[in-house]
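Student: Can you walk me through this model? I want strands first, then aromatics.

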Amino acid sequence: MPDRLAPEPVPRRDFLGLAGTAAAGLAVAGSLAGLARLPKPSVLPEASRRFRAGKPEEFTPGTVKIVQEHNVRLIGTEQGVAALSLVCTHLGCIVAESPEGFKCPCHGSKFTHEGKVTAGPAPRPLRWLAVSRAADGSLVVDKDVEVAPNQFFKA
């Protein structure tokens, strides 16, 4: 007769059977948790870096329009419309307009009105961005496409 205070020993086969069943249960539960996550993407797509800047008629020669939410300066000239990024090429600060051109308030880089570096730690000039026309006739600036300096889009 077994003692009340000393539990009956579990046979080795029973213990290994229980351990195997528990491991299989955990594997199935982990797989189901992974399957439940499949419909929800873990990486969300980034918003498009293209934006509509307005109608070509809005950019008569001499027009300058700054689109604050995209940090882009649009310039209308006789040659067409061009877009200049206002993001410093040093560490990504937003440059401010100054009488000489642009100045980075963070680290002191200075640029001409055409975006050329005149002083500071900025390694490259400001980026000129591609301008094109959308199907509805409005101008579209693509912040992912860099063009040569002073390249204007003729509408």
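Tutor: Start with pairing: two strands pair if DSSP finds at least two bridges between them. Helices (H or I, at least four residues) and strands (E, at least two) are DSSP runs, numbered from the N terminus. This is a predicted model: local features need pLDDT of at least 70, side-chain atom pairs count only at pLDDT 80 or more, and totals for chains, interfaces and linings use all residues. Residues are numbered from 1 along each chain as its sequence is written, and side-chain values use heavy atoms, without hydrogens or water.

Student: OK. How many bridges between β3 and strand β4?

Tutor: 6 bridges, antiparallel, with β4 covering residues 80–85. R73 sits opposite L84 in β4. The two strands form a hairpin with 2 residues between them.

Student: And how many join strand β2 to β3?

Tutor: 4 bridges, again antiparallel; β2 spans residues 64–67. V67 has V72 of β3 as its bridge partner. This hairpin has 4 residues between its strands, and N71 in the turn has a positive phi of about 55°.

Student: How many residues of strand β3 are buried?

Tutor: 5 of the 6, over residues 72–77. Buried means under 20% relative accessible area, exposed over 50%, partly exposed in between (1.4 Å probe, protein chains only).

Student: Switching topic. How many aromatic pairs?

Tutor: The structure holds 1. Rings of Phe, Tyr and Trp (its six-membered ring) pair if their centres lie within 6.5 Å; planes under 30 degrees apart count as stacked, over 60 as edge-to-face and the rest as tilted.

Student: Where do W128 and F152 sit in the chain?

Tutor: W128 is in strand β9 (residues 128–133), F152 in the segment after β10 (139–147), 24 residues apart.

Student: Why does W128 count as buried?

Tutor: Because its relative accessibility is 3%.
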